[in-house]
Amino acid sequence: MDGQGEQGEQDEQRRHVDHLLNVVDVEATCWEGQPPPGQVSEIIEIGLTVVDLRADERLAKHRLLVRPARSTVSPFCTELTGLTQAEVDGGLSFVEACRVLAAEHRTGLLSWASWGDYDRNQFTRQCRATGSEYPFGRSHTNAKVAFTAAYGLRRRPGMAQALTVAGLPLEGRHHRGDDDAWNIAALVLDLAGRGEWAAG
């Protein structure tokens with residue numbers, strides 16, 4: 001198939017899924033202060049919730065554990081996320097996790113959103129550092145910016161604070177990728193219900 005035919009097919013596929021949105025949240029290795037010498041912050045968990053904007057519902061909740069290659073899980077990180085070194089040692093490599101996102105969750109095809117730009121920037125950095133193919137399409141929405149504008153807030157809130165503002169419960173554990181993605185998806189649906197959601 002030539003390039004034009006392939007592009008046309010992708011555009012057609014997009015039209016069939018333009019009401020679906022992937023909401024993504026990542027957890028990464030972290031420390032109370034600076035990283036130990038030679039270590040860098042790496043993704044250790046990817047949470048993904050599929051949202052159907054047309055049906056106004058969260059369809060599925062997914063979790064990928066990712067094995068860090070250039071860092072270890074600190075006690076501070078375990079306290080924050082609940083993740084241990086033993087758990088993430090059983091995870092996928094980052095390259096494989098990116099492949100799974102693209103193949104199983106259609107991340108290159110669907111629009112996606114995250115709370116802030118941290119997740120998008122972390123993927124960009126880590127893909128560059130590892131030579132991995134970036135798994136997402138160009139259409140990204142910073143849900144934190146959209147929420148701040150919709151509610152006329154002076155400061156951009158954290159996810160937990162935004163749930164309080166919207167009168168929504170925090171479900172699951174904060175700083176767990178899959179639970180955070182699920183909660184962010186609830187905020188996206190709140191914005192969509194107010195007519196304040198426009199995919200990037």
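This is a predicted model: local features need pLDDT of at least 70, side-chain atom pairs count only at pLDDT 80 or more; totals for chains, interfaces and linings use all residues.
Leu187, Trp115 and Trp197 touch the most other members of the largest nonpolar core, which has 20 residues. A nonpolar core is a set of buried Ala, Val, Leu, Ile, Met, Phe, Trp, Tyr and Cys residues joined through side-chain atoms within 4.5 Å; buried means under 20% relative accessible area, exposed over 50% and partly exposed in between (1.4 Å probe, protein chains only).

At least two residues of this core come from each of β1 (20-28), α6 (143-150), α7 (159-166) and α8 (177-193). The greatest contribution is from α8, with 6 residues. Helices (H or I, at least four residues) and strands (E, at least two) are DSSP runs, numbered from the N terminus. A second, separate core has 17 residues, among them Val26, Val66, Cys98 and Val100.

## Aromatic rings

There are 6 aromatic pairs, a pair being rings of Phe, Tyr and Trp (its six-membered ring) with centres within 6.5 Å; planes under 30 degrees apart count as stacked, over 60 as edge-to-face and the rest as tilted. Tyr134 and Phe136 pair edge-to-face, at 5.8 Å centre to centre and 65° between the planes. Phe136 is buried at 7% relative accessibility, whereas Tyr134 is partly exposed at 30%.

## Basis

Residues are numbered from 1 along each chain as its sequence is written. Local features need pLDDT of at least 70, side-chain atom pairs count only at pLDDT 80 or more, and totals for chains, interfaces and linings use all residues, while side-chain values use heavy atoms, without hydrogens and water.
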